[in-house]
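Please report on the local geometry of this structure.

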Amino acid sequence: MQFEVIAKCHTTRARVCRMKLAHGITMLPTFMPVATQAAIKGLTPQQVESLGITLILNNTYHLNLRPGIKVLDEVGGAHKFQGWNRNLLTDSGGFQLVSLSKFTNITEDGALFASPFNGEPTMLTPEESISIQHSIGADIIMQLDDVVSSLTVGPRVGEAMHRSVRWLDRCIEQHEKSGRKDKQNLFAIVQGGLDPALRDICLDAMIERKDQVTGYAIGGLSGGEEKGGIKQCADRLPSDRPRYSMGVGFAEDLLVCVALGVDMADCVFPTRTARFGVALTFKGPLNLKLGKHTKSMEPIDKNCPCPTCASGMSRAVLHHIVTIETAGAHALTIHNLVFQARVMGGARDAILEGRFPEYLKSFFFDYFGDTGYPEWCVNALRSVGVDLMQGVDVPVS
């Protein structure tokens with residue numbers, strides 16, 4: 001990886017970076033669409049690439065189950081398997097320790113899963129997670145971490161944090177002896193729940209291992225909580241490494257995280273909400289299932305360059321087919337991915353041009369001006385010098 005900080009915001013901790021990986025350049029900050037099982041639902045890899053997207057995410061746990069490592073090894077990795085020519089990141093399978101907890105038993109050795117497909121037991125160790133990601137061939141790979149829900153309290157949070165550090169050491173050892181360090185880049189994951197003291201302990205340990213990892217992820221903070229934990233991590237993580245906030249996808253979350261110093265984020269939200277008939281716009285989400293769109297011949301957004309809007313596809317026809325015909329889900333998925341790219345691309349441009357605080361104020365006024373600003377957004381942005389309330393009369397909720 002070649003990583004370079006190109007510009008910094010004069011007020012917040014936002015920055016623009018250039019990240020060069022084996023499959024090309026990705027400009028940061030960026031949003032990564034999630035292709036869980038080697039596909040973004042409803043789109044071909046060529047369609048995704050045509051939207052200007054340069055980095056997507058695959059899921060280690062699911063690709064290990066299907067198609068399996070034997071197939072991936074035989075075809076030469078997940079890039080070739082799915083026909084994706086740009087950069088690829090794989091998570092480690094750690095999140096499934098939470099999302100599939102009824103199938104999982106955690107020990108110091110690793111996580112014992114019962115396959116949700118056939119019930120067969122599978123042990124995922126830190127070493128096995130790294131080996132699977134080597135077979136997948138992702139440009140960025142993640143350590144296996146012990147994940148707990150952000151709502152968890154008590155000794156289990158500290159146990160998971162300390163275990164994540166020990167597992168990182170095992171992941172580093174497995175990666176270093178593989179001979180793949182020049183092709184695949186290992187990221188550490190900071191854990192610690194909502195406990196600042198535990199986060200600091202984890203940060204100390206992860207930063208000590210800086211020379212053995214290429215970047216850092218912030219884990220366990222995607223549940224809609226206040227962003228103090230994100231700020232704590234971003235403030236302390238090395239400035240010459242990418243910072244990745246895992247599982248963040250709402251536009252307001254993305255921009256707050258960027259302001260706090262985060263470079264990368266991923267989430268299933270924009271593609272999943274498309275399948276429920278919701279288009280993302282700079283005026284807020286647009287529920288196309290509502291009857292008020294029955295006769296509207298307007299596009300979702302006349303200023304949007306996505307193929308759905310640029311072709312003139314109307315809200316009326318989308319209302320007619322959405323959640324019924326797959327074409328509706330495809331059209332909204334394309335639009336929503338372009339929306340996410342426009343939000344982050346707009347942030348990059350604003351940082352480069354020295355107007356990022358103004359960009360934040362304009363975005364939040366357009367997005368929330370009619371309904372009220374989320375209080376946590378106001379507080380988080382004030383912590384980095386941006387007052388959304390200055391000069392506007394908008395309620396806070």
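## Basis

This is a predicted model: local features need pLDDT of at least 70, side-chain atom pairs count only at pLDDT 80 or more, and totals for chains, interfaces and linings use all residues. Residues are numbered from 1 along each chain as its sequence is written, and side-chain values use heavy atoms, with hydrogens and water left out. Helices (H or I, at least four residues) and strands (E, at least two) are DSSP runs, numbered from the N terminus.

## Annotated sites

UniProt positions are given in the numbering used here, feature names are shortened, and annotations may be inferred rather than shown by experiment.

In an unreviewed UniProt entry, one "binding site" annotation covers Asp91, Ser92, Gly93, Gly94, Phe95, Asp145, Gln191 and Gly220. Aspartate 91 belongs to strand E6, residues 87-91. Aspartate 91 is buried, at a relative accessible area of 11%. Here buried means under 20% relative accessible area, exposed over 50%, and partly exposed in between (1.4 Å probe, protein chains only). Phenylalanine 95 sits in the loop between E6 and helix H5 (96-99).

The unreviewed UniProt entry also lists Cys304, Cys306, Cys309 and His335 under "binding site". These positions are spread over 32 residues of sequence but cluster in space, with a largest C-alpha distance of 8.1 Å. Cysteine 304 lies in the loop between strand E16 (286-287) and H12. Its relative accessibility is 5%, so cysteine 304 counts as buried.

## The three-stranded sheet

Three strands form an open sheet in the order E1-E2-E3, with antiparallel pairing. Strand E1 (2-8) and strand E3 (24-28) are at the edges; each has a single partner strand, so one side of each lacks a neighbour in the sheet. On average, neighbouring strands of this sheet are turned by 15 degrees against each other, direction ignored. Two strands pair if DSSP finds at least two bridges between them. E1 and strand E2 (residues 15-21) pair in the antiparallel sense over six bridges. Valine 5 stands opposite cysteine 17 in E2.

## Helices

Helix H14 runs over residues 326-352. The expected span of a helix is 1.5 Å times one less than its number of residues. For the 27 residues of H14 this gives 39 Å, and the end C-alpha atoms are 39 Å apart, which agrees. How much of H14 is buried? The count is 19 of the 27 residues, so H14 is largely enclosed by the rest of the structure. Just after H14, glycine 354 has a positive phi of about 75 degrees.

Helix H10 (residues 251-260) and helix H16 (residues 375-382) have axes that come within 10 Å and cross at roughly 15 degrees. H10 is therefore roughly parallel to H16. Angles under 35 degrees count as roughly parallel, over 145 as roughly antiparallel, 65 to 115 as roughly perpendicular and the rest as oblique. Axes are lines fitted to C-alpha atoms, for helices over the stretch in contact, and angles run from 0 to 180 degrees between N-to-C directions. The crossing of H10 and H16 is left-handed. That term means the near helix is turned anticlockwise from the far one by less than a right angle; clockwise is right-handed.

## Backbone exceptions

Most residues other than glycine have a negative phi, and most peptide bonds are trans. The residues below depart from that pattern in phi.

| Residue | Phi | Relative accessible area |
|---|---|---|
| Alanine 38 | near 70 degrees | 10%, buried |
| Threonine 323 | near 65 degrees | 47%, partly exposed |

Alanine 38 is in the loop between E4 and helix H1 (45-50). Threonine 323 is in the loop between H13 and H14.

Cis peptide bonds come next. The bond from leucine 28 to proline 29 is cis, with omega near 5 degrees. Proline 29 falls in the loop between E3 and strand E4 (30-33). Arginine 66 and proline 67 are also joined by a cis peptide bond, with omega about 10 degrees. Proline 67 falls in the loop between helix H2 (60-65) and helix H3 (69-75).

## A loop glycine

Glycine 312 is in the loop between helix H12 (307-310) and helix H13 (315-321). Glycine 312 is partly exposed, with a relative accessible area of 41%. Glycine 312 and alanine 39 are 273 residues apart in sequence and 27 Å apart in space, C-alpha to C-alpha.
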